[in-house]
Amino acid sequence: MKILVIGGSVFLGRAVVEEALRRGHEVTTFNRGRSGTDLPGVEAVRGDREVTDDLRRLAGGRQWDAVIDVCGFVPRVVLEAVRTLSGHAPHYTFISSISAYPDWPDKSEVNETFPTHECPPDADAEFGDYGVLKAGCERAVEQHFDGGALVIQPGLILGPHENVGRLPWWLTRISEGGRVLAPGDPSLPMQLIDARDIAAFTLDQAAKGTTGHYMTGGVPGNTTYGGWLNDCVEVTGSDAELVWADDEFLVDQGVQPWTELPLWYPEADRLGVWTHSSAKAVAAGLTCRPVRETVRDTWEWLKGIPEEQRTFGSVRLSHGIDPDKEARILATWDARS
């Protein structure tokens, strides 16, 4: 196929491009060239999706078999791309998020039949938060693209080249060894997915011209919190000792859920975090590699980056607990025990 990837240089977008090239597809990427480096073998078109003239220059004289939009966050911006690219491809895939559902993570077993946030397809960034805007972006594609529209709604994504910083932080911290503060219940079932598995599923469905919504959050219970942290210990070859502290204690110590200890939520707040359904996607062919493989491959990528150059998120949202705070909490836990 001839595929246009809007984005394509960072994490999931990079995984889509890499898998498309591996399959022998002809790939055009459209991005500003700021967030990452395009993979060799693509036609890289530089431009800003928020600039109408750049979109028109991209579309001029080109035709594709499929568009895969991995970096749409504002409905009005996505709508402009949809209108410009209509007629230049018969199929448009939009990478959304499970956050488009207001019932997640408060309710268990959220699936594609649940309503998404109320948000118009031409909303600006000020209309709402990330999940609300993703729902509006979905409507922009489904209501205004002249062709087939596919919406992929990932859950928690891990894998090599992760730029969010969750697994990279845990791998880095655990590789340093010593006593490591581990949160909550080690037997807690999780639901994780590798970006490469989402990429493969997305390309499969784009080739078939599939339409509709598909939640791609991995297989429920495909690891536990203790399982994946022990995987981190083993793949790094670390002498780290995981010290498990309960939810109530961590909350009392002022630990910020999800960010200071990535992927941890107190039990009272996590009813549906790890129980959303990927059954529809699995029935359509989604396959998920073992989480240990994801951890291993992420470490192989990460250890090639000097520790002082690693990043664990962004200025707006960074992951990881301050070492001094971790040490104080461990000391308090020891004294209590």
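Two exercises on a predicted model follow, each with a worked solution.

Residues are numbered from 1 along each chain as its sequence is written. Local features need pLDDT of at least 70, side-chain atom pairs count only at pLDDT 80 or more, totals for chains, interfaces and linings use all residues, and side-chain values use heavy atoms, without hydrogens and water.

**Exercise 1.** Describe how helix H7 packs on H10.

Solution. 
1. Locate the elements: H7 covers residues 225–236, where a helix is a DSSP run (H or I, at least four residues) numbered from the N terminus.
2. Take the geometry: the angle is about 40 degrees and the axes are 9 Å apart. Axes are lines fitted to C-alpha atoms over the stretch in contact, and angles run from 0 to 180 degrees between N-to-C directions.
3. List the contact (heavy atoms within 4.5 Å): H7 gives Trp228, Asp231, Cys232, Glu234, Val235 and Thr236, and H10 gives Val291, Arg292, Val295, Arg296 and Trp299.

**Exercise 2.** Which residues line the largest cavity?

Solution. 
1. Define: a cavity is a set of points on a 1 Å grid over the protein atoms alone where a 1.4 Å probe fits but cannot get out, and lining residues have an atom within 4 Å of a point.
2. Name the lining: Leu158, Leu192, Ile193, Asp194, Asp197, Asn222, Cys288, Arg289, Val291 and Thr294.
3. Assign elements: strand S10 (192–194; strands are E runs of at least two) gives the most, with three residues, and H10 supplies at least two.

Methods: On a 1 Å grid over the protein atoms alone, a cavity is a set of points where a 1.4 Å probe fits but cannot get out, and a pocket is an open set with protein on both sides within 12 Å along at least five of seven lines; lining residues have an atom within 4 Å of a point.
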